Amino acid sequence: MKLTDNNFNVVQEILEKTEAEISKMNPVNILIAGKTGVGKSTLINSVFRENLADTGIGKPVTRYLRKISKEGMPIVLYDTRGLELDPKIQKQVKQDIFKLVDDKAETKEALHAAYYCIQANSSRIEDTEIELIKDISSVLPVILVLTQSIGKPAEEFNSYLENLNLPVAAVQNVMAEPYEITDDYVIPAFGLKELIDKTLQLIPKDAHDAFMNAQQADIERKAKSARRWASRYVATTFGVGFAPIPFSDASVLVPMQVTLLAHITAIFGISLDKATIVSLIAAVGGTGSATMLGKSIVANAFKFIPGAGTIIGGIISGTTASIVTSALGLSYIEVLSIIATKEKEGSQIDLSLIEKLMKNKFRKNMTLNRKELKTKELEFENDDALNEAYSTYSEMEGDKATIPFGKKMIRTIKQFKNRKKK
Ligand SMILES: Nc1nc2c(ncn2[C@@H]2O[C@H](COP(=O)(O)OP(=O)(O)OP(=O)(O)O)[C@@H](O)[C@H]2O)c(=O)[nH]1
Ligand SMILES: [Mg+2]
């Protein structure tokens, strides 16, 4: 595809605006504590984007605390190192944590919560560890994360801990990565969405956007949050008070569409590069003469809006503008959900297919009238829209469609009979 200057600028503006929005977010700051080898790094890599535990390792803050953060991600984690329950070391770790919480208090870097990780097959917990958990709980809300949870024993351990009435905010069983028992028996990952949910209930509202951006365990939730914002944005921008504009002025819609796409991208927090955005814009704007996003989208839109032929050369009403912009936002959210899912799975994204998917979704969403748009938005509540987008993409890839969104977590051992056949 040929890049024209105008087209390029729109893309550049989306990227810059996204970056600006992310840098405006209050970062979310979480302490991750637990004995050596319980699965802290594995948990961090599964819950957050970009393999954060491996790629975001910074300098040690103290002997027992390490800061994990990454440019462009509004999150800071502190990982305990070498936490053994030797009383002397434990005392130092505790001092380090208290000092950190104290130093950062009342600043933008104030800690919001702690995940205290215990391996779920421990079956009992030592008094020294109980004491440490109580101490951390006195300065931060703690979620006890029971890692590598397998079956009934892990659930029983959970009940045992609940019965201890520790001053923690929640106890959550997780399996961060699928666990292979044999080649044929695999325990799928579970519990991460619940952990996201519990974390959101604990951290302050003004850190929610940052947490949503950084997490990758619940992509449906990202989509819903983006969709809710987009619907509100479209309603306030093109609702009552929107003065109809002549079609020749359609490019005044560009800044609004840039804001829309940038904000959605910031909520999603996927690592979109220029090439991807160029493809997504080309998909809706076309590669023809009209290169400015607003104008070409509106021009394209007329092909899809029933009866729109009669208003060509006429005016764009609030209704027309909101249908076009909603379709743009909804399609963009669907496509970003697929990109985010692929990114999480660690699989390659085929840009030409992504462009095709965007075109396909936009075309479909453009034909919806106002009432249908409302229904379509509701589909995000039950993940139908996302599953449909995923199926479309898989079919284009030549893969059999699976349904990754909204799937009930399977908590028992699952046999994959055909695993080896592929
Ligand atoms: N399959 C599977 N393996 C896990 C999971 N959690 C931890 N492990 C395994 O347990 C081992 C230790 O996990 P880490 O995540 O490195 O533990 P850690 O708490 O970060 O350890 P330190 O950094 O040394 O304190 C690794 O070999 C992981 O592969 C899980 O959810 N699923
Ligand atoms: Mg580690």
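Modeller: Residues are numbered from 1 along each chain as its sequence is written, while chains are lettered from A and ligands numbered from 1 in the order in which they are written. In this predicted model, local features need pLDDT of at least 70 and side-chain atom pairs count only at pLDDT 80 or more, whereas totals for chains, interfaces and linings use all residues.

Biologist: Why is E4 called mostly covered?

Modeller: A residue is buried if 20 or more other C-beta atoms lie within 10 Å of its own, exposed if 12 or fewer, and partly exposed in between, with C-beta atoms placed from the backbone. Six of the six residues in E4 are buried, so the strand is called mostly covered.

Biologist: How do you know that both faces are covered?

Modeller: In a regular strand the side chains alternate between the two faces of the sheet. Ile75, Leu77 and Asp79 are buried on one side, and Val76, Tyr78 and Thr80 on the other.

Biologist: Why is E1 said to pair with E4?

Modeller: Pairing takes at least two DSSP bridges between two strands. E1 (residues 28-34) and E4 run parallel with five bridges, so they pair. Asn29 has Val76 as its bridge partner.

Biologist: What joins E3 to E4?

Modeller: Five bridges, in the antiparallel sense. Leu65 stands opposite Thr80. E3 and E4 form a hairpin with five residues between them, and Gly72 in the turn has a positive phi of about 85 degrees.

Note on methods. Helix = DSSP H or I, 4+ residues; strand = E, 2+ residues; numbered from the N terminus.
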